[in-house]
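Please examine the sequence and the three-dimensional structure shown here. The explanation that follows leads through the structure step by step, and each residue may be located as it is mentioned.

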Amino acid sequence: MNRKRVLSSFLTVIIMFSAMLSGVSAQAKGGSWPKGPSTDSLVSGSAIVMEVSTGTVLYGKNIHKKRYPASITKILTALLAAENSSPSDVVTFSKTAAYGISPGDSTVSSEPGEKMTMEQCLYAIMLESANEVCLAAGEHVSGSVKNFVKLMNRRVKQLGLKDTHFNNPNGLPDPNHYTTAYDMAMIGRAALQNSVFRKVSNTPRYTCAKTNKHKMKRIWLNHHEAINPDEYPQYGYKYCIGGKTGFTHAAGNTLVTFAEKDGMQLVCVVMKSTSQKAGEPNQYTDTIKLLNYCFGKYKKHNVGGSDSKISEDLFDNYGSFFNSSNSPVRFEGESSVVLPKNVKLSKAKQKIIYNKNVKIKTGKNIIGKVTYTYAGKTVGSSNIIYDSTKKTYLDEASRKVVNKEIKSIEKTNSNPSLFHKIFTGIRDGISGGIYGVIDFIVNNIVLSIVILLAIIVIVMFIIFAITGKSIVMSRSRKRHGGYQSKMGRRNHAKRVRQNRKDSSNKNVRRNHSKHYTKKTSASTSDKPSTRKNTNYSRRRKKTRESFGKNFFDF
């Protein structure tokens, strides 16, 4: 019975540990992303959080569902205006632009013939969401609003967006004017690269100077509550670096928010949401919840830093050619990778593709590309650039060495040796398990305590089962004479009866008192025995005494 109890207890412990470790180490072994807030906890119909430098999607809800964007369309309008003009350019309002809006539209009351600089127009578009200014800026850039809309859609295709089509520069409802949360995040990501757009988008208030039609200064306020929380202070967000609001009855509330913390920039887009005027939850509570979650769960790694595998395998070995201000070989722009905070950069799969047929020309040449993936997602990539204009140059011999090193890395990544697989598996399993356990405990404190108590109880049960000091077992033995089972008691009684039978057959005297000795019968000639003594002796032989003495000794 003890063996069965010990075995069952041992199996129970194994099952519990397996269940716990399978969930805890899922990130380390299989590579998984944090789940994030449940989609039901958001009032927005679509939502996304994207890391700006890599384009990695950190959270998504209906990110590819087509919806009306409303005024967040003006992010692309402002970006194209900033890219295709100078801030000092003078924009003259035509009658078509000044009167091309409907009653109730957002406006700064521009008049036909009014002259404003492009900088003033950008502030009017991004802060006051002025519809007529979008029309005037489009006419200035492309000659007509129609041509400007073509420019917008052309830029959409350049960004590789397949679920977006614009039909006007201001976002008014139109069956042919639609986008998705993902596409808007990509547009916002591109806009944030423009310094003029970043400055305008992050301005809480702007004072517009006098114009030829307005003889007084005008103060324009940013309607994004995270940037300018005058009306709703609870929605102010200290990490916000820009954004754009939007609303129509068809689109509902839409909101794009840019935020930066610890060197990581995020863009959050929510669509088909409710207004802050209707109370909570709303587009701002959804946005703040998602941004806080992503800043708390993810970390940005700079490729080429101290924790970068590529610097260990390639760049550190050839430091004279890589990662130097005068180096002819470098990464294109900022190269970074975004991973969950408990995952090291070495856990991401690295793939290096080298362009063997590249023909070096004067200037910048793309000679290869580095891509990082984790849990089935691309978490970072960068082109490897060779710049022939740098002071140092990559001669043919050095280029062959670099080429050989890259081939070696590609071969190792594609066909690792058995020893490499075993070593990597053990290393990743140990480190991933530790990080996984810590993350599990931090995120599930109550459940961790319950599991710990359960393990303690099971361990105590195993100890009791082995040592035989169980309280339940001791009580049952007292109650049943030392045997818990009915068959055990029957066998015990059977052995007792057999022992008694054997004892009677051997005529063994039960009383071993030193005060009693059986007297041998003497011959009648020596000493005649009396009937009394004989009768007593016979009775005494059949008497059971528990004290070991006869009653004469008392």
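**Aromatic pairs and the chain around them**

Ten aromatic pairs are present in the structure, which is a predicted model. One of them brings together Tyr 206 and Trp 220, whose ring centres are 6.0 Å apart and whose planes stand at 35 degrees, so this pair is described as tilted. The reason lies in the limits that are applied: planes under 30 degrees apart count as stacked, those over 60 as edge-to-face, and the rest as tilted. Tyr 206 belongs to strand β5 (residues 205-208) and Trp 220 to strand β6 (residues 218-221), so that the pair links distant parts of the chain, 14 residues apart. Tyr 206 and Trp 220 are both buried.

A further pair is formed by Tyr 235 and Tyr 284. Their ring centres lie 5.4 Å apart and their planes meet at 10 degrees, so the pair is stacked. Tyr 235 is in the loop between β6 and β7 (240-248), whereas Tyr 284 is in helix α10 (residues 283-297); the pair therefore ties together parts that are 49 residues apart in sequence. Tyr 235 has a relative accessible area of 3% and is therefore buried. The value for Tyr 284 is 3%, and this residue is likewise buried. The limit used in this reasoning is that buried means under 20% relative accessible area. Aromatic residues also form a cluster, made up of Trp 33, Tyr 293, Tyr 298 and Tyr 374.

These details may now be placed in the chain as a whole. The chain contains 17 helices and 15 strands. Of its 554 residues, 43% are buried. When contacts between residues at least 6 apart in sequence are considered, 64% of them join residues at least 24 apart. The accessible surface of the chain is about 31,400 Å², and carbon and sulfur atoms account for 55% of it.

Which residues does UniProt list for "active site"? The unreviewed entry gives Ser 71, Lys 74 and Ser 129 under this heading. Although they span 59 residues in sequence, no two of their C-alpha atoms are more than 7.7 Å apart, so the three gather at one spot.

Two of these residues can be followed further. Lys 74 is situated in helix α3 (residues 74-83), and its relative accessible area of 0% means that it is buried. Leaving aside residues up to four places away in sequence, Lys 74 touches several others, among them Ile 125, Met 126, Ser 129, Asn 170 and Lys 244. Ser 129 is located in the loop between α5 (118-126) and α6 (131-142). With 5% relative accessibility, Ser 129 also counts as buried.

Is Ile 449 buried or partly exposed? Its relative accessibility is 48%, so Ile 449 counts as partly exposed, because the category of partly exposed lies between the buried limit of 20% and the exposed limit of 50%.

Finally, the backbone deserves attention. Most residues other than glycine have a negative phi, and most peptide bonds are trans. Against this background, the peptide bond from Glu 280 to Pro 281 is cis, with omega near -5 degrees. Pro 281 is found in the loop between β9 (264-273) and α10.

Asn 62 is not a glycine, yet it has a positive phi of about 50 degrees. This residue lies in the loop between β2 (57-61) and α3, and its relative accessibility of 42% makes Asn 62 partly exposed. Ala 375, which is not a glycine either, has a positive phi of about 55 degrees. Its place is in the loop between β14 (364-374) and β15 (377-387). At 32% relative accessibility, Ala 375 is counted as partly exposed.

Technical notes: Residues numbered from 1 in each chain as written. Predicted model: local features only at pLDDT ≥ 70, side-chain atom pairs only at ≥ 80, totals over all residues. Heavy atoms only, no water. Buried < 20%, exposed > 50% of the residue type's maximum accessible area, 1.4 Å probe, protein only. UniProt positions renumbered as here; feature names shortened; annotations may be inferred. Helix = DSSP H or I, 4+ residues; strand = E, 2+ residues; numbered from the N terminus. Contact = heavy atoms within 4.5 Å. Phe/Tyr/Trp six-rings, centres within 6.5 Å; stacked < 30°, edge-to-face > 60°. Areas by Shrake-Rupley, 256 points an atom, 1.4 Å probe, with all protein chains shown as cover.
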